[in-house]
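Please keep the sequence and the coordinates in view while reading.

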Amino acid sequence: MNTPAPFDTSPALSRRLLWAVLLGGIALAVALAAAIAWRNGAFERMTRVYVLAESGASLAPGTHVRMSGVRIGEVHSLTLQADQKVRIDLRIQAVHAAALRADAQVLLVREQLRPAVLEIKPGNAIEPLDMAAPQLAFHSRGTMTEMADELRGRLLPILDDFKQLTGALRARQGDVQDVLQNAATASGELAKAAAEMHALAAAARSQLNGIAQQAQGLLGQGQGLLGQGQQSVAKISSLLDQVNASLNVLNTGLPGLMARSGETLENLNTVARDMRAITSTAAEVLPGVLRSTAPVMDDTRELVQGLKGSWPARALLPAPPSAELPIESHDAQALRSPLR
């Protein structure tokens, strides 16, 4: 029967095992460190950009930097400058830094119960970011506490003003009741005025309807008068045509009439001249004839009177005819006349 070989417990073997364990631990540590470095982008090409902020609160080296929600780097350092502004250097992957434009921005996001994060917005400008001076614009999104403080700062003055207004209203409550009563009275009067206005509008509407009907009647009469006027115009047109014809005839015959009138006037002038000569001659002869006529008339009167006084002359004259009574005459003067 074979017996097992005894276990070697020599010091040389123990040293070799110790070195093997140490080398394995070192190799494991190096592998773990390399994995962590690779996971954190230690083997990637990185680029630095920076922003200027009023305060570096909530930020520290190692704060994550994201783009579109994906981590692309971290905060490398924070430096307080002479003008009391904080320069924040960011270490980001070069492949993503090429997408930054001239209007790129960095937004500080601080959410409740979560660490602060810097979110990069690449921008939309045509020009790329100048890598010789890679400064990005910085903006900060307020936390709930900051927004609550800001809201409280804005609401407090409003609440104070509201308290003053309510106090003034409480002090003037009687005046407010009077104003409300006056407003109620005014509203009642306005309602009455509105009812009266409705009544006036109805009356005016009825009157307008009557006026419209009268206007329609007048329009019909006007149309009839217009027809009569058109007929009168037609008659006047015909009369004007006749007048034009008469004027044409007058224009045609007027020169002859004027010539005849001229001859007649010449004859009348001749007759007038003859009459003037006759009258001048008679004016010279007639006074002598008239002066000689008066003695002749006197002699004739004396001769007739002598003949009437002489009896033989009366016998030679025939007797006057007897007066005849008019038939059915009641003339008393005729009855008293002597019959011969």
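Ser58 has a relative accessibility of 45% and therefore counts as partly exposed, a class that lies between buried (under 20% relative accessible area) and exposed (over 50%), computed with a 1.4 Å probe and protein chains only. This is a predicted model, in which local features need pLDDT of at least 70 and side-chain atom pairs count only at pLDDT 80 or more, while totals for chains, interfaces and linings use all residues. Residues are numbered from 1 along each chain as its sequence is written, and side-chain values use heavy atoms, with hydrogens and water left out.

Ser58 belongs to the loop between strand 1 (46–53) and strand 2, where strands (E, at least two residues) and helices (H or I, at least four) are DSSP runs numbered from the N terminus. The phi of Ser58 is near 75°, a positive value in a residue other than glycine. Ser68, in the loop between strand 2 and strand 3, likewise has a positive phi, near 55°, and Ser68 is exposed, with a relative accessible area of 66%.

The strands around Ser68 can be taken next. Strand 2 (residues 64–67) and strand 3 (residues 70–80) run antiparallel and are joined by four bridges, pairing being assigned if DSSP finds at least two bridges between two strands. Together, strand 2 and strand 3 form a hairpin with two residues between them, and within this pairing Val65 has Gly73 in strand 3 as its bridge partner. Strand 2 is also joined to strand 6 (residues 117–121), by three bridges and in a parallel arrangement; here the bridge partner of Val65 is Leu118. The covered face of strand 2 carries Val65 and Met67, whereas His64 and Arg66 make up the uncovered face.

The structure holds three salt bridges, each defined as a side-chain nitrogen of Lys or Arg within 4 Å of a carboxyl oxygen of Asp or Glu. In one of them, the side chains of Arg66 and Glu119 meet at 3.4 Å, N to O; Arg66 lies in strand 2 and Glu119 in strand 6, so the pair ties together parts that are 53 residues apart in sequence. Arg66 is partly exposed, with a relative accessible area of 26%, while Glu119 is buried at 14%. A second salt bridge links Arg71 and Glu74, with the closest N and O atoms 3.4 Å apart; Arg71 is partly exposed at 34% relative accessibility, and Glu74 is partly exposed at 27%.

Strand 3 continues the antiparallel pattern with strand 4 (residues 86–93), to which seven bridges join it. These two strands form a hairpin with five residues between them, and Gln84 in the turn has a positive phi of about 65°. Arg87 in strand 4 stands opposite Thr79, and Arg87 also forms a salt bridge with Asp89, the closest N and O atoms being 3.0 Å apart. Arg87 is partly exposed, with a relative accessible area of 28%, whereas Asp89 counts as buried at 14% relative accessibility.

Finally, helix 3 (residues 144–171) contains Ile158, which counts as exposed at 53% relative accessibility.
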